[in-house]
Structure formats: structure tokens, C-alpha cells
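This report describes selected features of one protein model. Please keep the sequence and the three-dimensional view at hand while reading.

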Amino acid sequence: MIGAKPVQEILMNGLQKLEYRGYDSAGIFVNSARGGRHMVKTVGKIATLASKLTPAADGTMGIGHTRWATNGAPTDANAHPQYSVDERFYLVHNGVITNAAALKAQYLADVPFQSQTDTEVVVQLIAKFVRDDHDTPAAAFYRTLNLLKGSYAFVLADAEDPDTLYAAKNKSPLLIGVGEGAYYVGSDAMAMIDQTKQFIALQDGDVVIMHQDGLTITDLAGDFVHRDEFTAQLDASEISKGTYPYYMLKEIDEQPAVMRRIVDAYLPADGSVSVDPALVQALDQADRLYIVAAGTSYHAGLVGARLFEEVAGLPAEAYLASEFGYHMPLLSQHPFFLLLSQSGETADSREVLVKVKKMGYPVLTMTNTAGSTLSREADYTMLLHAGPEIAVASTKAYTAQIGVQAVLAKALGMYRQQPAANDFALRHQLSIAAAGMQTLVDEKDQIKNLVGQYMPDQHDAFYIGRGADYPLSLEAALKLKEVSYVHTEGFAAGELKHGTIALISEDTPVLAFITDDATAAHTRSNLQETEARGAHTLSIVSEHLAEPTDNIVLPDVDPRLSALVGIIPAQLIAYYTALGKGLDVDKPRNLAKSVTVE
Ligand code: G6P
């Protein structure tokens, strides 16, 4: 923020509003014309930061940040703002600079570094250009931005110039709040809505220079660009939607933060798993896990079943609640039931719960809704921590269900001393998955373009995959069909040729997931078979298996968690297809968020 009023309290309030995203450290830098500048940053919560502030600080310009560590541990030194060695420039950053190491080697070999962050490379570079080459700060900022590869939302402060604030955006979200005699910059309107309802949404490549009484926006070459102001809606539901046009997009974007909240809730830094010991012991007594759910939750259960088998050595299978309630398979001697339900209210799942409770079997509900029926009536509850999911098409609850099942599988596997569980560094792997998910949501424009090429006027589409990519294909297909009304099927890639390939005609989109080493080559040939029959094929491939002709590259994650990154492009494909058809993305026809009838 830059303005006439003291900013410290406003910055702290803004940071508080973003707490729901998950973070492990926070910091602010405040500056005033009288030289009353100070910086505080710390590991831990906003409250910890608040306790370390100088109450009398009255600077009228300042920047603040909450950080979730991905590269470089959560330490005070790695928290933002990052600052230059001469203590002149202070920078906060969301995103990842992929060529930071190369830039550091090329330009900053003689500069002492105090953190492990890519952000510090950027701020040191700006300072170096000012110090050694006598660039103006603005020139150094542009020059540096033009050297960067990767994603960023930056806000830069110059300790020697309290009347100027610099910002720039590429891929990571950033908007300007326009106040009276003040400007605000934030990654989410939520953080600024107490101060102003007027916003300017920035586009990739925008560079902003703000003073208390005016701002300029240019592209990376320094040429002026015009961005319209808009007024954020004021009613409560709109505020919680922020500046997003639809909840579905907001909820897709929230998924990396949800992963971090799951880590916070269940996976302490010491490598242990924080799950009710009574639950783990009860599960250990079971000889088979029956995962019962509906819709998207069922698809998450299919992924979870593999996790329990691979990580904990417990045989597990997922079932559709609407089938299981009335056509129960022959149960094992010591069954344990896991009910997966975002809402905790689905009638089909409730029916199963009532029946198996009557039979005397233990039940765990994993739900997003504390106090819901399924939670109250089960023996155990684990919460998804996804935050309210409003769009009918489930997105963040799906990835949260996979994350929380992985937590329980890990807890059980450790209790059973399974080598696969001890080797599964879940806290670290979920953080890597969260970073991968972030990269994918930051690159959503690429998906939007692909949708423009593949989806207009299509009646049918197919998702195919093998192994873990098969249940992923089912969920991807459900997403597309439920919001865009394109008839879509998810198929085991090898099965398509046994009948369904007859449906492939000129330009039918066939989308393949390829994340599994063992079957990658087979899935590729299956995709080619459809192409030979006229299909318009699109490949979604893990980085280590990707070829130059692949359409979407997924950042590499632990193979047991590949669905977490794989689903993101599919959710975005569904969203943009529906948007392109002018449909109400959040409320597709005929569907309800919570189905309380059988
Ligand atoms: C409805 C929703 C789906 C959801 C399913 C199961 O059909 O539209 O998005 O997956 O119910 O809901 P639950 O709350 O039990 O996860």
C-alpha cells in the first residue's frame, strides 16, 4: 500500500484476510518520508508477526507477504520481504523464478546471499543494476523483469524513495486497489476490500509504478497500456467470490492452498502424522477397507484405494454408495468402512452408513463439513479442510479427499511399519504437489487456448488412461460433461479398442493422461489408434515422460499423487468449455450440490 495514512495496520489486516490460503511465515516492510522505516519477518502465524511489530511505526508506504515454503525451508531468513545486501530494495513475491540459479551465477557471483529463495536473486539483481550500472530503480526493475523466466507477482519498495511502489505480474494473480489518495496491490481482492471496492485487474507482462497521487501501467518494454477499473460487487457472497467470475474457477485456484492446509492440519514437521490413534488402531484391526462414496467423491475413493494398498498394505476397494447400499458384496471378516463425502449429507452414502452401523462395523467419515450427518453418525471423522465449496462441480474437495486419504494411509502404514509408508515423505510430497498444482493454475491461459481449438461444437469427447490415470480419466470426464454438457466418457485406455473406438469420428476430442512409467508407451499407441481414425488428440503428460509434441506437461510429483496435478488441466478444460458456451458454470442444469435423496 502507498498513501497518506499509516499503512502498518492495514497491511496486517490484509494479510489476515489471506490466512485461509495457508502459509508458514510472514513479514512486512514499512517506510516513511521521515525515514522511519522498519522490516519484521518471522516464521509462524500473523499473530507472531503482530507481536514483533513496532506499534508506533507510522510509515505511509509498505509491503507485506505470507509465504508457504517450497524451495528453501520456512525460516525467518527465507520469509519475505527479501532485501538487497545494501538494504535498499525490499521485494515480496508469489510464484517461482525458474532461471534464478542461472541469473545468480551470471550476475551475482560476488554478492553475499542471506536466504535460499529465488526471490532474493531478483532483488539483489535490481540493486546491483542500480549500484554498479547507475540505472534508475525503475530502469533496473524493467531490466530485471526482462531477464526472468517463470511466474511472479511482485511488489518492490525502495527504502530511499517512500513515494514510489513498483509492481509486476506474470502468471501469478495480482490486482491494484484504487483508494482515495492511496493505492493497494494484492493477490486477492479479499485482502483489500475493507479499503476500496475499485480495482484494476493486471494482465501478464504488466508493470506498475505507483505514487500516492497516480500510477502508470506499461508492458515489459515500457510502453503504456490501458487497464479498465471495475467495481467489486458488495454483497457477502460476491465478496467471498472475490473478483472471480465463478466459484468454480476460484475453487480450482484454491487447491494448492488446500494442500497446504492439509499439511498444516495433519503432517507436523517432525515427520509424524497427526491422526487420532484410536482410529489408526481400529483400522489396523481391519482386513479390508470399503470406501463408499458418490460422484466425484467416488472417483477420489478410487485413487485412495490404491494409496491404502500401496502405502499401508491394506486391501481396499471403492464402491458406489447407491449400489453398495442395496447390493452389498460378500464382506470380509473384519471390514472397515470409509465414507467419503464433501457435504456429509449425501443420502446414498447415509443409507450405507446406517446399514453397516447396524451390522456393527466401524465407520470413518471424511468430509468437508464438520457437524454434518455423516460426520455425526460415524465413529470417526477426518475433515478435508478444503473450505466451503460452492460450485456444484466439485474440484477442491476431490483433491482434498486424495490428500487426506494419503494422510491416513501413511498413518496406518507407519503404525504397521510398512517400508513403503516410512519411505513416503508425505509432508514434502504434498508440498511438491501443491507447487505443481500452482504452476498449472498459473498457466491457465494455455488451457483456455487449447479449449478454443478442441472443444467448440463437439458433442462427444473421451478421456483415456491406464493404471492411476484411469480413475483420473473418470473424474476428468465427469467434470467436462457436468458443466459443459459435452457427452464425455472416461476409459481405461486399453479398453477403448474393444468396442468404443467405433464412436471415434472426424475431430472427436480424445484426451489422454500419461503419468505412469509402466504403461506410458501403451497409452501413447492407444492415442495414436484413435488419431488414425480421425480423432483430435490431446496429451496430458508428466514432465519426465513428455515429448516435444505433447500438449500439456504436468510437473513431476510422487506417482501415488499424480491425480492431484493431473486433474487441474481437466478441471480447467471443463471450466473454459462451459464458459465458452455461455453456461452457468457454477450451477449446471439438473444438478444439486448436495443430493439428499436416494
Ligand atoms: C452431487 C454433486 C457432486 C458430488 C456428489 C457427492 O452429485 O453434484 O459434485 O460429487 O454429489 O457428494 P458428496 O457431498 O457426498 O461428496
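## The loop that holds proline 81

Where is proline 81 found? Proline 81 is in the loop between strand S3 (61-67) and strand S4 (82-83). Helices (H or I, at least four residues) and strands (E, at least two) are DSSP runs, numbered from the N terminus. A cis peptide bond, with omega of about 5 degrees, joins histidine 80 and proline 81.

## Basis of the model

This is a predicted model, in which local features need pLDDT of at least 70 and side-chain atom pairs count only at pLDDT 80 or more, while totals for chains, interfaces and linings use all residues. Residues are numbered from 1 along each chain as its sequence is written, and side-chain values use heavy atoms, with hydrogens and water left out.

## Positive phi values

Most residues other than glycine have a negative phi, and most peptide bonds are trans. Glutamate 87 has a positive phi, near 55 degrees, and lies in the loop between S4 and strand S5 (89-94). Glutamate 87 is partly exposed, at 48% relative accessible area; buried means under 20%, exposed over 50%, and partly exposed in between (1.4 Å probe, protein chains only).

For glutamine 417, phi is likewise positive and near 55 degrees. Glutamine 417 belongs to the loop between helix H14 (396-415) and helix H15 (419-422), and is exposed, with a relative accessible area of 64%.

## A sheet and a helix across it

Strands S2, S1 and S3 form an open sheet in the order S2-S1-S3, with antiparallel pairing; two strands pair if DSSP finds at least two bridges between them. Strand S2 (38-43) and S3 stand at the edges with a single partner strand each, so one side of each has no neighbour in the sheet. From one strand to the next, the twist averages 5 degrees.

Strand S1 (residues 25-31) is joined to S3 by seven bridges. Alanine 26, for example, has threonine 66 in S3 as its bridge partner. Helix H1 (residues 8-17) lies across S1, S2 and S3 and runs at about 155 degrees to S1. Here axes are lines fitted to C-alpha atoms, for helices over the stretch in contact (heavy atoms within 4.5 Å), and angles run from 0 to 180 degrees between N-to-C directions.

## A buried threonine

Threonine 296 is found in helix H10 (residues 295-312). Threonine 296 counts as buried, at 9% relative accessibility. Leaving aside neighbours within four places in sequence, its contacts include Ser394, Tyr398 and Glu475.
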